[in-house]
Amino acid sequence: VLKEVEVQEPRFISSLNEMDNRYEGLEVISPTEFEVVLYLNQMGVFNFVDDGSLPGCAVLKLSDGRKRSMSLWVEFITASGYLSARKIRSRFQTLVAQAVDKCSYRDVVKMVADTSEVKLRIRDRYVVQITPAFKCTGIWPRSAAHWPLPHIPWPGPNRVAEVKAEGFNLLSKECHSLAGKQSSAESDAWVLQFAEAENRLQMGGCRKKCLSILKTLRDRHLELPGQPLNNYHMKTLVSYECEKHPRESDWDESCLGDRLNGILLQLISCLQCRRCPHYFLPNLDLFQGKPHSALENAAKQTWRLAREILTNPKSLEKL
């Protein structure tokens with residue numbers, strides 16, 4: 001499908017690459033949901049503005065005095081000079097719909113209707129979201145300028161420099177913090193995402209293993225009505241646990257049980273307070289828009305899991 005889109009519109013070049021039998025740029029959201037981030041080339045002559053007025057989002061505005069016609073994305077720039085995430089996504093959605101219509105897999109691939117996002121349902125089992133994005137390397141957003149906190153010794157100056165050089169992505173997708181607000185600048189806004197930075201932070205020790213176990217526990221036991229919890233909540237809490245336990249020895253394999261318990265208890269606390277702050281953007285609440293009853297139900301289920309792990313040394317073998 002992406003190859004067909006590329007033929008129709010060379011600005012949407014597929015950045016999905018297979019490396020070592022896995023795809024770079026493919027995120028596993030749950031056992032049946034996936035997201036492909038499609039990096040667009042040549043963002044060009046835009047200023048990146050994240051003044052905090054749109055939590056978790058930023059806008060791209062034409063640099064003063066630059067002619068709109070100089071941009072590769074000329075027809076997606078609004079009258080006030082913003083590069084519209086929504087307009088780019090709308091064009092991309094049309095191209096993907098045409099590609100699906102043409103392709104030999106027509107019978108097994110369907111576009112998901114009733115959303116402005118580009119989602120494919122495959123064999124009625126899997127959903128793959130394809131999200132246009134810009135990669136921003138070598139700069140760091142103002143809304144994340146407080147990081148790292150000065151009084152916490154983790155992750156150390158070298159790792160901080162690596163993470164900041166890794167930068168962040170700007171995604172064209174519906175932003176939950178803007179739900180219901182659709183002024184033009186807001187629907188033109190891009191969602192900030194820090195996938196590579198987070199992955200780099202969670203290298204070393206048993207951090208990745210810890211996250212894998214938490215994802216498995218979520219998939220098997222916390223897939224609940226109202227979708228209160230996703231794997232990104234787990235990833236976020238691993239980062240907070242790293243701050244609480246800054247020494248590498250705290251992440252030795254022998255400490256895995258302690259780290260899991262710490263994270264599950266922190267998760268219960270977040271669910272009960274109905275707030276889970278984004279690791280890099282603490283003004284952004286990852287539980288925003290989730291039904292309170294779903295969060296309460298998740299807190300009860302998580303407590304059951306934590307109690308089982310705390311009281312039964314062989315619990316993970318059957319969970």
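Domain bounds here come from an automatic or database domain assignment. For this protein, that assignment gives domain 1 (1-203) and domain 2 (204-318). The model is a predicted one, so local features need pLDDT of at least 70 and side-chain atom pairs count only at pLDDT 80 or more, while totals for chains, interfaces and linings use all residues. Residues are numbered from 1 along each chain as its sequence is written, and side-chain values use heavy atoms, with hydrogens and water left out.

Taken over C-alpha atoms, the centres of domain 1 and domain 2 are 26 Å apart. Across the boundary, 27 residues of domain 1 are in contact with 22 residues of domain 2, contact meaning heavy atoms within 4.5 Å.

Turning to the helices, α9 runs over residues 292-311, 20 residues in all. Helices (H or I, at least four residues) and strands (E, at least two) are DSSP runs, numbered from the N terminus. From first C-alpha to last, α9 reaches 29 Å, close to the 28 Å expected at 1.5 Å a residue; the expected span is 1.5 Å times one less than the number of residues. A294, L295, A298, A299, T302, L305, A306 and I309 of α9 are buried. Buried means under 20% relative accessible area, exposed over 50%, and partly exposed in between (1.4 Å probe, protein chains only). S293, K300 and T311 are exposed, on the face of α9 turned away from its buried side. As for packing partners, the buried residues of α9 go up against α6 (207-221), α8 (256-273) and α10 (315-318).

L264 is buried, at 1% relative accessible area, and touches L214, T302, A306 and I309, leaving out residues up to four places away in sequence.

Next, the aromatics. A pair of aromatic rings is described by the distance of the centres and the angle of the planes. Rings of Phe, Tyr and Trp (its six-membered ring) pair if their centres lie within 6.5 Å; planes under 30 degrees apart count as stacked, over 60 as edge-to-face and the rest as tilted. By this rule there are 15 aromatic pairs. W140 and W147 make a tilted one, with 5.9 Å centre to centre and 40 degrees between the planes. W140 counts as buried at 17% relative accessibility, and W147 does too at 2%. F168 and F194 also form a tilted pair, at 6.1 Å and 40 degrees. This pair links distant parts of the chain, 26 residues apart: F168 is in strand β10 (residues 168-171), and F194 is in the loop between β11 (190-193) and α5 (195-201). F168 is buried, with a relative accessible area of 1%, and F194 is buried at 1%. Ring pairs tie F48, W140, W147, F168, F194, Y240, Y279 and F280 into a cluster.

A charge sits over a ring if NZ of Lys or CZ of Arg is within 6 Å of the ring centre and within 35 degrees of the ring normal. K135 lies over the face of Y39, 4.5 Å from the ring centre, and the charged end of R259 sits over the ring of W251, 5.9 Å from its centre.
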